[in-house]
Amino acid sequence: MAAVPGGRRSGPAAGARFFCTAGRGLEPFLMREVRSRLAATQVEYISGKVFFTTCSDLNMLKKLKSAERLFLLIKKQLPFNVSSVSKGKILNEMQRLTNDDPESWLNAISIWKNLLELDAKKVKLSQKNANPLKRKVGENDIIAKKLKTEQMQEIQENKECQLEKQIEEETLEQGNFTTKRDKSQEELQNDVVEAVGTHNQNDLTFRVSCRCSGAIARTFTAQEVGRVIGIALTKQFGWKADLRNPNLEIFIHLSDIYSVVGIPVFRVPLASRAYIKTAGLRSTIAWAMASLAEIKAGAVVLDPMCGLGTILLEAAKEWPDVYYVGADVSDSQLLGACDNLKAAGLKDKIELLKVSVIELPLPSESVDIIISDIPFGKKFKLGKDIKHIIQEMERSSHPFPGHFCGLAYPPAVLGTGALAVNRTEPLPTWGWHSSVGRQIMNESTG
């Protein structure tokens, strides 16, 4: 079921059950984040997904940083057994995802509708609060025009009043035009709310997005599964399929471990940051690295190989009262980082330097925290410079209790191995592990 009965209700999403997809090894970060940021309960995870219950609204849900995508949970059950039953029987079992428990579907749709309605009300309220400011600006313009007119020429009192009235009417018309424009921007969301709010929901349009893995992927294609579920939903609820611009999207993941059905809460993934113009390191990993560094207000944070500045952007958005410095030797990378800073409105928070990592123009012991994606991968290699890099980072950072968090790739496992260290002792502290996520998990849970 998508909702948990009872408990404190703080809005339409009270007791709503969600799940997020997460990159490999980032599940512990996401579990910790939903507990702290959303006050989530019943938090559990399986590989690549974290399930939780929360009363948070859309505005709070948008703030999750370690999640890839967010879904409202409809169903979570054991996997389909494809080894000893016929293909036709499995297809019938898939149809039972909708036929056996329609109440869970309707309950999830109701919660989804309430989330949209609450968000729409907040948008309208913020626009309403902004209107008096617009009217006040309009009134100031009228007064300015009147004073200018009086200084230039003398006119009769009745003509002056007439002019003032005319200007007020024009201002009112402009306000009405602005209201119509704002309304048109909300039409899409209102159409969704109205369609879901109808009694039989026949106006609701949908499409099914399916992902299959493991044994079931060797038996069925995602298109076959999506077609079966789509037909079952149309027969059960009377919804209309629309592959181009549906009101509702249904997400299904069938694997050897579980079968999960949910509704994407946002069409754009949470990991696609609106404030990052040019993507570099994955934003979720960059945020996780910054969270390991235990950044405090007033600290000096350095990324000596900042590239496009993703780590510093994620850190500055979450911990703003800090002095950030990014260094790189590449003009193209620094240009991309500068564009990202402008897009994010963080030019005054992050300083960029074109310098080599082995010749940092920083005083000794002047940096509190170093966070960096050290390029040990296939595209960029440091070779013998690693010793000088470590020495320079050690020189510029506080010996204790400085913090270092880095990603690095061992020569023996290029592209898959990684290091992520939360430094609570003098540099260097190194150790190789088989995946980025596994080491991050060890650091965050250990």
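Helices here are DSSP runs of H or I with at least four residues, strands are runs of E with at least two, and both are numbered from the N terminus. The model is predicted, so I noted that local features need pLDDT of at least 70 and side-chain atom pairs pLDDT 80 or more, while totals for chains, interfaces and linings use all residues. Residues are numbered from 1 along each chain as its sequence is written, and side-chain values use heavy atoms, without hydrogens or water.

**Entry 1: the cavity**

I asked which residues line the largest cavity. They are Asp-57, Leu-58, Asn-59, Leu-115, Leu-118, Asp-119 and Lys-122. A cavity is a set of points on a 1 Å grid where a 1.4 Å probe fits but cannot get out, and lining residues have an atom within 4 Å of a point. Helix α4 gives the largest share of this lining, with four residues. I recorded a volume of about 40 Å³ for the largest cavity, and the count of cavities of 30 Å³ or more comes to one. Such a volume is the space filled by probe spheres set on the points, which are joined across faces, edges and corners.

**Entry 2: the whole protein**

I counted 12 helices and 13 strands in the protein. Of its 446 residues, 45% count as buried, meaning under 20% relative accessible area with a 1.4 Å probe. I also looked at contacts (heavy atoms within 4.5 Å). Among contacts with a separation of 6 or more, residues 24 or more positions apart account for 72%.

**Entry 3: the open sheet**

I traced an open sheet of eight strands in the order β2-β3-β1-β4-β8-β7-β5-β6, with mixed pairing. Strands β2 (41-46) and β6 (240-241) stand at the edges with a single partner strand each, so one side of each has no neighbour in the sheet. Two strands pair if DSSP finds at least two bridges between them.

Strand β1 pairs with β4 (residues 69-77) over four bridges, and Phe-18 stands opposite Leu-72 in β4. Six bridges link β4 to β8 in the antiparallel sense, where Lys-76 has Val-260 of β8 as its bridge partner. Strands β7 (residues 248-254) and β8 (residues 259-264) run antiparallel and are joined by four bridges, with Ile-252 opposite Val-261 in β8.

Helix α1 (residues 27-38) lies across β1 (16-21), β2 and β3 (49-54), and runs at about 10° to β3. Helix α7 (residues 222-237) lies across β5 (205-212) and β7, and runs at about 145° to β5.

**Entry 4: Thr-21**

Is Thr-21 buried or exposed? Thr-21 is buried, with a relative accessible area of 15%, and its place is in strand β1. Leaving aside neighbours within four places in sequence, I found Thr-21 in contact with Leu-30, Gly-48, Lys-49, Ala-67, Glu-68, Arg-69 and Phe-71.

**Entry 5: helix α8**

I found helix α8 (residues 283-292) mostly covered, with nine of its 10 residues buried. Among them are Trp-287, Met-289 and Leu-292. Just after α8, Glu-294 takes a positive phi of about 55°.

Terms used:
Axes fitted to C-alpha atoms, helices over the stretch in contact; angles between N-to-C directions. 1 Å grid on protein atoms, 1.4 Å probe; cavity = no way out; pocket = protein on both sides within 12 Å on 5 of 7 lines; lining within 4 Å. Buried < 20%, exposed > 50% of the residue type's maximum accessible area, 1.4 Å probe, protein only.
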